[in-house]
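Opened the notebook for a new chain today. I want to get the fold down first, then the core, then a few single residues.

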Amino acid sequence: MKHSMTLQAVAADLAGGEPSAAELDAIEAEMPLIAAEVELLDAQITVLDRVPSELDARRLRRARRRVLAARRALTNQGIAGSPEVA
């Protein structure tokens with residue numbers, strides 16, 4: 001049986017599976033985007049089994065705008081796509 005592990009998986013295994021300080025910093029910097037994506041997902045789940053009302057539609061639009069704004073902010077900071085967190 002042939003095992004193939006990525007370099008990151010091997011490094012994490014050697015480090016005891018704990019994230020490094022750089023990885024934690026990158027995650028912390030991305031928290032506004034993560035929170036915005038969770039909010040969007042929550043809004044999408046809310047309207048899965050029904051026709052969205054006007055209030056639901058506004059909530060979805062607002063959540064999409066927050067995700068886009070958070071992505072733009074990360075891109076402008078140069079954090080999005082950082083090699084530390086893949």
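My entries on this predicted model follow.

**Entry 1: the overall fold.** I began by listing the secondary structure. Next I looked up burial over the whole chain. Of its 86 residues, 17% are buried. I also checked how far apart in sequence the contacts reach. Taking contacts between residues at least 6 apart, I find that 65% of them join residues at least 24 apart.

**Entry 2: the core.** Which residues make up the largest nonpolar core? I count ten in all: Leu33, Ala36, Leu40, Ala43, Val47, Leu60, Ala63, Val67, Ala70 and Leu74. The largest share is that of α4, with five residues.

Leaving out residues up to four places away in sequence, Leu33 touches Val67, Ala70, Arg71 and Leu74.

**Entry 3: helix α3.** I took the length of α3 first. Its 16 residues reach 22 Å from the first C-alpha to the last, close to the 22 Å expected at 1.5 Å a residue. Then I asked which residues of α3 are buried. They are Leu33, Ala36, Leu40 and Ala43. These sit on the same side of α3, because they cover an arc of only 85° around the axis. The general rule I keep in mind here is that an α-helix has 3.6 residues a turn, so residues three or four places apart point the same way. As for what covers the buried residues of α3, I noted that α4 is included.

**Entry 4: α2 on α3.** What angle do α2 and α3 pack at? I have about 50° for helix α2 (residues 21-29) against α3, with the axes 4 Å apart. That angle is why I write α2 down as oblique to α3. On the α2 side the contact is made by Ile27, Glu28 and Ala29, and on the α3 side by Met31, Pro32 and Ile34.

**Entry 5: helix α4.** I get 24 residues reaching 35 Å from first C-alpha to last, close to the 34 Å expected at 1.5 Å a residue. Buried here are Asp56, Leu60, Ala63, Val67, Ala70 and Leu74. I looked up what the buried residues of α4 pack against, and wrote down α2 and α3. Just after α4 I stopped at Gly78, which takes a positive phi of about 80°.

**Entry 6: Asp56.** Is Asp56 buried or exposed? It lies in helix α4, and its relative accessibility is 10%, so Asp56 counts as buried, the cut-off being under 20%. I also listed the contacts of Asp56, again not counting residues up to four places away in sequence: they are Thr46, Val47 and Arg50.

Entry 7: Arg58 belongs to helix α4. I read 38% relative accessibility there, so Arg58 counts as partly exposed. I checked Arg58 against Ala43: the pair is 15 residues apart in sequence, and C-alpha to C-alpha I get 9.9 Å.

Arg61 is in helix α4 too. With 38% relative accessibility, Arg61 counts as partly exposed. From Arg61 to Ala43 I have 18 residues in sequence and 9.5 Å in space, C-alpha to C-alpha.

Technical notes:
Residues are numbered from 1 along each chain as its sequence is written. This is a predicted model: local features need pLDDT of at least 70, side-chain atom pairs count only at pLDDT 80 or more; totals for chains, interfaces and linings use all residues. Side-chain values use heavy atoms; hydrogens and water are left out. A nonpolar core is a set of buried Ala, Val, Leu, Ile, Met, Phe, Trp, Tyr and Cys residues joined through side-chain atoms within 4.5 Å. Buried means under 20% relative accessible area, exposed over 50%, partly exposed in between (1.4 Å probe, protein chains only). Helices (H or I, at least four residues) and strands (E, at least two) are DSSP runs, numbered from the N terminus. Contact means heavy atoms within 4.5 Å. The expected span of a helix is 1.5 Å times one less than its number of residues. The arc is that of the directions from the helix axis to the C-beta atoms. Axes are lines fitted to C-alpha atoms, for helices over the stretch in contact, and angles run from 0 to 180 degrees between N-to-C directions. Angles under 35 degrees count as roughly parallel, over 145 as roughly antiparallel, 65 to 115 as roughly perpendicular and the rest as oblique.
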